[in-house]
Amino acid sequence: IEGYDAKVAERIPHAWKAGPQTLTLRKQLKSMRDGGVVYIVAPPNPFRCPPGPYERAAQMAHYLKQNKPKSKVIILDAKDKFSKQKLFVNGWERFYGNMIEWVSGAEGGIVEAVDAKNMELVATVENFKGDVINLIPPQKAAPIAVAAGVADQGGWCPVNQKTFESTLHKDVHVIGDSCIAGAMPKSGYAANSQGKVCAAAIVAEVNGLVAPEPSDVNTCYSIIAPNSGISVAAVYGLVDGKIGAVEGAGGLSPGEASARYRAKEADNARSWIKNIMADTFA
């Protein structure tokens, strides 16, 4: 995005990595006037954590509704659809009324440049001036993957989707956000699942055996309000060498669910993050 670099990001944070960036964004929201406008710039696919920008919009709106109720959160999106879209939109409307607005790529949501001095975004149809701007730029593989030469010209790492071995360098395996793994999203849960499949493949190879048929999985919870959650889950198999979703396995939260059901999903989300963290790092 023209005009956006590491220096500008200190003032217009992406906050896609926890630490100084998220603290900067928090401070900006706390100091913003009531009636201010927050812009979230959502990146094109693929990117890390597909529902992330839309969860963030809900979190911001939750704070603003209680503290600065005249304010707005506007999402400028490079895409024309996003993860769990209908569930998000219904949840936004239920809890925050018209506080959150989503502008698709086709409607002018593609941001081409940023004027940091004037806090202005230059999009395909018009310019947008904000009190707070959270600009999440287009993404690519991690620097370590690029330095290792396992990323291609598209910026991501192609792999054998049965074993996660790089197709550019033999005996080098790439899992998680940096690799292209068929229909699997770039999520932490997906990376956890890929790690297990990859490990099993490496063990088989070391022992002179054929890699087992992989079965990958992804589960993702999103919290729209403290007591209201939604989720998506999928099981993946290998078809003609590519990872694809298994039909009939997993699915979305029901569109018309009771408040009790949504509260249970929020509880499940908190349990889920504890379990996946323990499984990954314990």
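Author: Quick definition before we start: a pocket is an open set of points on a 1 Å grid, with protein on both sides within 12 Å along at least five of seven lines. Also, keep in mind that this is a predicted model.

Reader: Got it. How much space lies in the second largest pocket?

Author: About 570 Å³.

Reader: And which residues lie nearest its centre?

Author: Pro50, Ser83, Ala183, Met184 and Pro185 do, out of 28 residues that line the second largest pocket.

Reader: Which elements give two or more residues to that lining?

Author: Four strands: E9 (179-180), E10 (216-225), E11 (228-239) and E12 (242-252). The largest share of the lining comes from E11, with three residues.

Reader: Let's pick one of those central residues. Where is the place of Ser83?

Author: Ser83 is in the loop between E2 and H3.

Reader: Does it count as buried, exposed or partly exposed? What's the number?

Author: Ser83 has 23% relative accessibility, so it counts as partly exposed. The cut-off that matters here is that buried means under 20%.

Reader: What is Ser83 in contact with, leaving aside its neighbours in sequence?

Author: Skipping anything within four places in sequence, Ser83 is in contact with Pro50, Pro51 and Phe88. Pro50 and Ser83 are also both among the residues nearest the centre of that pocket.

Reader: How far apart are Ser83 and Ala259?

Author: They are 176 residues apart in sequence, and 21 Å apart in space from C-alpha to C-alpha.

Reader: New topic, the inside. How many residues has the largest nonpolar core?

Author: It has 28 residues. The ones with the most contacts inside it are Val38, Tyr54, Val73, Ile75, Trp92, Tyr96 and Ile100.

Reader: Which elements each supply at least two residues of this core?

Author: There are helices H1 (20-31), H2 (52-67) and H3 (85-96), plus strands E1 (37-42), E2 (72-77), E3 (100-103) and E10 (216-225). The largest share comes from H2, which gives six residues.

Reader: Okay, sheets now. In what order do the three strands of the open sheet come?

Author: The order is E4-E5-E6, and the pairing is antiparallel.

Reader: Why is one side of E4 and of E6 left without a neighbour in the sheet?

Author: Because E4 (111-115) and E6 (127-129) stand at the edges, and each has a single partner strand. Neighbouring strands here are turned by 20° against each other on average, ignoring direction.

Reader: How many bridges are there where E4 and E5 pair?

Author: Four bridges. One spot to look at is Val111, which stands opposite Ala123 in E5. E5 and E6 form a hairpin with three residues between them.

Reader: Which residues of E5 are on the covered face?

Author: Leu121 and Ala123 are, while Glu120 and Val122 make up the uncovered face.

Reader: What about Phe164, what's its phi?

Author: Phe164 has a positive phi too, near 65°. You'll find Phe164 in the loop between E8 (157-158) and E9. Phe164 has 0% relative accessibility, so it counts as buried.

Reader: Last one. Is the peptide bond from Asn45 to Pro46 cis or trans?

Author: It's cis, with omega near -5°. Most peptide bonds are trans. Pro46 lies in the loop between E1 and H2.

Key. Residues are numbered from 1 along each chain as its sequence is written. This is a predicted model: local features need pLDDT of at least 70, side-chain atom pairs count only at pLDDT 80 or more; totals for chains, interfaces and linings use all residues. Side-chain values use heavy atoms; hydrogens and water are left out. A nonpolar core is a set of buried Ala, Val, Leu, Ile, Met, Phe, Trp, Tyr and Cys residues joined through side-chain atoms within 4.5 Å. Buried means under 20% relative accessible area, exposed over 50%, partly exposed in between (1.4 Å probe, protein chains only). Two strands pair if DSSP finds at least two bridges between them. Axes are lines fitted to C-alpha atoms, for helices over the stretch in contact, and angles run from 0 to 180 degrees between N-to-C directions. On a 1 Å grid over the protein atoms alone, a cavity is a set of points where a 1.4 Å probe fits but cannot get out, and a pocket is an open set with protein on both sides within 12 Å along at least five of seven lines; lining residues have an atom within 4 Å of a point. Grid points are joined across faces, edges and corners, and a volume is the space filled by probe spheres set on the points. Contact means heavy atoms within 4.5 Å.
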